[in-house]
Structures are given as C-alpha cells and as structure tokens.
Amino acid sequence: MTKHRALITGVTGQDGAYLSQLLLEKGYAVHGVVRRSASADVMDSRARWLGIADQIELHDANLTDITSLLRVFDQVQPTEIYNLAAQSFVKSSWQQPYLTGLVTGLGAANVLEALRISCPGARYYQASSSEMYGLVQDPIQNENTKFYPRSPYAAAKLYAHWLTINYRESFNIHGSCGILFNHESPLRGIEFVTRKITDGVARIRLGLAKTLPLGNLEAKRDWGHAKDYVKAMWLMLQQERPDDYVVATGRTTSVREFCHLAFSCVGLKADDFIEIDDRFLRPAEVDFLLGDASKAATQLGWTPETTLEQLVSEMVEADIERIERGARL
Ligand code: NAP
Ligand code: G4F
C-alpha cells in the first residue's frame, strides 16, 4: 500500500481538483468521495480540465449518509482526510437552509465520526470559511477575531468548525481548520461572482452578450488563487500539532473594482456593461473581509504567490478560450 493515502470529500469541486493535483505531484494515492449524479458526464470535469481524472480513485458516498462514509473509510484507510464537501454557495443557503445545515454542518459530524470509528489516526482538514466572520468584529480578521455569521451557510460552517476543535480536544484527533478567505480560479463555479464576471466579460468580448447583471457592487473580498490555497491545506496536515489558521492575501477589493480589472483585460470599460439586478442581492450581506495570514506565514511558511491582477487575467483568458472551444465547465 502507498504510504500516503488522501481521501478528499468534495473532490469534484474547485478546491478538490487543485488539491488532488498537488497531492498527486507529491506521490499520494488520491481517493475522492463523489455523490451519485444523473449528470455523470460532468462529474469529473474539473479533474479532466487539469488532466488528472484517470489518476483519482472515486468512491460513491454522500456526506449525509454515514454508512456510505464508513464503508469508504474502511476500504481506503486514508492517512489524511480533507473535508471539502459542502453546499458552498452562500446565496442558496437562504433558499435551502435545512440542506445547507445537513451537508455543510452535520456532514462534517458524519465525517469526523467515520474517522473516529474507522481510522482514528488519520489527519483531518476542515474547510472553514472567512464567511464565519460575517459582520466583522475586527478591521482585519485573524484567528482571534470573534465570529458573527450572517447566513445559514456561515452558521453551518461555524458548527463544523467548532466540532472539529471539539473532536481535537475530546478524542485527541489530529484535526485542523483552515479559515480560508475567498479563493478563485478558472475552475470556480459559474454562480460565484468572480467567475460570473470573467465569463460575462468573455461573452461580451466575443459578441455573445451585451450586459452583465450583478447585485451588490460595493461588497469587498480578500480574493486569492485556489491553487495557492490548497498548499496551505496540505501544510496544515504536515504539522506535528493540529491547529487553526487564517489563509488570505491581506488585500481587499470591491466587486466593482474586480469588474474594472476584468473588463480592462479585454480593453473594455465595466461601466458600459454592468446592470444592477436586485435578484442578486442577499437578505443579509457580508460587506467587508480582509484576512491576516501572518500565523500561516510564520508557522506553515505559507504565503500567496498569485496577485489579483494575475488571477483575473488567467480567469478571463480561460473563459475566452473555453467559449471559443465550446467546452463545458
Ligand atoms: P465547490 O466547488 O462548491 O465544491 C463543493 C463540493 O462538495 C463538490 O465536490 C460537491 O459535489 C460536494 N458536495 C456537496 N454536497 C455533497 C454531499 N451531500 N455529499 C458529498 N459531496 C457533496 O467548493 P470549493 O470552492 O471547492 O470549496 C471547497 C470547500 O471550502 C467548501 O466546503 C467551501 O464551503 C469551503 N470554502 C471555500 C472557499 C472559497 O472561496 N472557494 C472559502 C472558504 C471555504 P458535486 O460536484 O456533486 O456538487
Ligand atoms: O462570489 P460570492 O458568491 O462569494 P461569497 O458569498 O463571498 O462566498 C464564497 O466565499 C466564502 C469565503 O468567504 C466561502 F466560504 C463560500 O463557500 C464561497 O466560496 O459573492 C461575493 C460577493 C458577495 O458580497 C455578493 O453579494 O459578491 C457579491 N455579488 C454581487 N453581485 C454577487 C453578485 N455574488 C454573486 N454570486 N452573484 C452576483 O451577481
């Protein structure tokens, strides 16, 4: 058996794809949990985009079904478990609060229980979120900043976050939480604002759309590149002691400024195309996020490598190429 066996829940998502790529490069056997879907043809589209689909072993399970997790954990006997699966779209969490609590919150309880029963020595990563800071209580958020969740998603993430800390203290598991600020890439889901913008810019540039409808342009986020952020996840599990870390760039940018950057990549002016559409506003908003990742820098040796300008231009270029090729994703 290969020494390092990683099991990733949420392997079909943005971070699951980049984390798989990183772990394969490091010589891991990579296993992923996938939930059964009628759209099996698009299930591993991100891994295919990265050219690694045939190197990941997929297992049929669901975070809401602990028996399915136990079966997979028993079979794989992972040395590291990365719990990335979630209903991760904040806006949907008001439409589906129960489902969000079940998957994003209680799903983590199922994963932790399966770990405790089946492979208690495995190291565990919990995908916590800067969304938990919500109505921010400090101008720059670090590991000591108080949480103030502003969505059903954030409340569910907070449950999973504290449960991981509780399992660390109760059962001595090696469980770490990465409080990751927003991270994006060409593999980002199309519903999130950055990808919606870069896809919209590409469509307008290619003459396929005339406008870009958006919600709150004044919200500010600390945006980094997903490829950089999965390195921090791995580093957390290589530490002797489990702990919790903020992962962020230390730069905050408004949605409006992101639009300006993206449109300027193709020589256009954002103000000529943006339309405000109330359907994209939220019942409660997280107005401002800005992370202080100095603990990750000092203890993990992690710093972000990609600038916002590089991220935006990579995303715009990828969307133009994707549309020109007629590719799905
Ligand atoms: P994502 O692209 O939305 O991926 C979510 C993954 O969870 C998908 O693989 C999805 O599978 C899977 N999933 C959903 N419900 C499931 C269930 N019931 N059982 C099993 N799998 C299920 O998310 P991401 O951007 O990669 O983020 C990874 C994790 O980090 C998430 O937990 C997210 O909440 C958290 N996070 C993300 C950010 C960010 O900025 N990206 C920041 C902080 C924290 P399907 O393909 O079948 O839908
Ligand atoms: O891209 P978003 O949907 O991401 P959000 O809500 O910050 O959540 C993401 O980051 C979290 C980390 O802080 C993760 F935990 C979570 O899983 C997810 O990955 O929205 C960003 C901002 C919001 O303020 C939103 O109101 O953009 C604003 N926005 C403005 N117009 C829009 C739109 N968001 C979306 N999705 N679509 C719009 O048209």
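Visitor: Why are Glu113 and Arg116 said to be separated by about one helical turn?
Guide: Glu113 and Arg116 stand three residues apart in helix H5, which takes in residues 97–118, and this is why about one helical turn separates them. Helices here are DSSP runs of H or I with at least four residues, strands are runs of E with at least two, and both are numbered from the N terminus.

Visitor: What kind of model is this, and how are its parts numbered?
Guide: This is a predicted model, in which local features need pLDDT of at least 70 and side-chain atom pairs count only at pLDDT 80 or more, while totals for chains, interfaces and linings use all residues. Residues are numbered from 1 along each chain as its sequence is written, chains are lettered from A and ligands numbered from 1 in the order in which they are written, and side-chain values use heavy atoms, with hydrogens and water left out.

Visitor: What makes the meeting of the Glu113 and Arg116 side chains a salt bridge?
Guide: The term asks for a side-chain nitrogen of Lys or Arg within 4 Å of a carboxyl oxygen of Asp or Glu. For Glu113 and Arg116 the N to O distance is 2.8 Å, and therefore the pair meets the definition. By this rule the count comes to 14 salt bridges.

Visitor: Which residues come nearest to ligand 1?
Guide: Of the 23 residues around ligand 1, those that come nearest are Thr12, Arg35, Asn62, Ser88 and Tyr153, a residue being near if one of its heavy atoms lies within 4 Å.

Visitor: What makes the approach of Arg35 to an oxygen atom of ligand 1 a polar contact?
Guide: A polar contact is a pair of N or O atoms within 3.5 Å; within protein, one must be able to donate a hydrogen and the other to accept it, and residues adjacent in sequence count only if both atoms are side-chain atoms. A polar side-chain atom of Arg35 lies 2.7 Å from an oxygen atom of ligand 1, so the distance falls within that limit. The protein covers 87% of the 910 Å² of accessible area that ligand 1 has on its own, an area that comes from the Shrake-Rupley method with a 1.4 Å probe; for residues, only the protein chains shown count as cover.

Visitor: How do you know that Lys196 and Asn182 make polar contacts with ligand 2?
Guide: A polar side-chain atom of Lys196 lies 2.7 Å from an oxygen atom of ligand 2, and one of Asn182 lies 2.8 Å from an oxygen atom of this ligand, so both distances are inside the limit. A polar backbone atom of Glu131 is 3.4 Å from an oxygen atom of ligand 2. The protein covers 96% of the 720 Å² of accessible area that ligand 2 has on its own.

Visitor: Why is Asn172 called exposed, and what is said of its phi?
Guide: At 69% relative accessibility Asn172 counts as exposed, and its phi is positive, about 60 degrees, although Asn172 is not a glycine. Gln77 is also a residue other than glycine with a positive phi, near 45 degrees, and with 30% relative accessibility Gln77 counts as partly exposed. Gln77 has its place in the loop between helix H3 (66–76) and strand S4 (80–83).

Terms used: Buried < 20%, exposed > 50% of the residue type's maximum accessible area, 1.4 Å probe, protein only.
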